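Please look over the structure below before reading my points.

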Amino acid sequence: MTATLRSLLIIGPPGVGKGTQGKVLGAIPGLVHHSSGDVFRSLDKVSDLGRTFLSYSTKGELVPDGLTIEIWRSDADRRIETGEFDPATDLLILDGIPRNPTQAALMDEHVDVLGIILLVAKNEQELIDRLRKRAEKEDRPDDADETVIRRRLEVYEDATRPLLGHYDTALIHEVDALGTPAEVARRVLDVVIPVQASLATA
């Protein structure tokens, strides 16, 4: 049986700032940011997992949920082995995983979810404008199209947001994602600080 990892989830629609806030938290001792997107991009293409991943991604197909969890767990174990993450004292900040209810169920044996940071943007147009500016800055013109952006937001509502139903509502903390990164970070820390403090006294 593999170790159960104490974790916080960061969930929210595209462009809401999950990666930004995850990196802020990851700079704090005792918190380890784990971005599934970064993990996929850094996969060793000649490893068994890397080749299997590429067999789906190069065809534009979705990576199966079981394989996604296997890749995530493999990277988490690597971090433990290298000393980047100590499950006895550190809290894992999960960004981008789980992405749907099936993945949430598959992860139950791997993680002890102590809290969920649900980043919300009540002004959808402001979120769309933010995504458009980000796409232009990163020279991704297709992602700057408002129709594409709205479709991505619909996919989140249909596929990802329902995973919240898998968890106790007491774990879910809505955080306003609009404002400067520092303002949002302060709100996020209001959720994280009590959780991290509880680990220190456990």
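1. Ground rules. This is a predicted model, where local features need pLDDT of at least 70 and side-chain atom pairs count only at pLDDT 80 or more, while totals for chains, interfaces and linings use all residues. Residues are numbered from 1 along each chain as its sequence is written, and side-chain values use heavy atoms, with hydrogens and water left out.

2. The largest core. A nonpolar core is a set of buried Ala, Val, Leu, Ile, Met, Phe, Trp, Tyr and Cys residues joined through side-chain atoms within 4.5 Å. Buried means under 20% relative accessible area, exposed means over 50%, and partly exposed lies in between (1.4 Å probe, protein chains only). The largest such core has 24 residues. Leu 25, Ile 117, Leu 119, Val 188 and Val 192 have the most contacts inside it.

3. Who supplies it. Helices (H or I, at least four residues) and strands (E, at least two) are DSSP runs, numbered from the N terminus. Strands β1 (5-11), β3 (91-95) and β4 (111-120) each supply at least two residues of this core, and so do helices α6 (124-137), α7 (146-160) and α8 (181-201). Helix α8 gives the most, with 6 residues.

4. Leu 25 up close. Contact means heavy atoms within 4.5 Å. Leaving aside neighbours within four places in sequence, Leu 25 touches Ile 10, Leu 31, Ile 93, Ile 117, Val 188, Leu 189 and Val 192.

5. A second core. This one is separate and has 22 residues, including Ile 11, Leu 94, Ala 104 and Leu 164.

6. Salt bridges. Side chains of opposite charge can pair when their charged atoms come close. The rule here is a side-chain nitrogen of Lys or Arg within 4 Å of a carboxyl oxygen of Asp or Glu. The count comes to 9.

7. A buried pair. Arg 79 bridges to Asp 75, with the closest N and O atoms 3.0 Å apart. Both residues are buried. They sit 4 residues apart in helix α4 (residues 65-82), so about one helical turn separates them.

8. A partly exposed pair. Glu 84 bridges to Arg 78, and the closest N and O atoms are 3.0 Å apart. Glu 84 has 42% relative accessibility. Arg 78 has 34%.

9. A link between helices. Which residue pairs with Glu 146? Arg 132 does, the closest N and O atoms being 2.7 Å apart. Glu 146 lies in helix α7 and Arg 132 in helix α6, 14 residues apart. Shared partners join Glu 124, Asp 129, Arg 132, Glu 146 and Arg 150 into one salt-bridge network.
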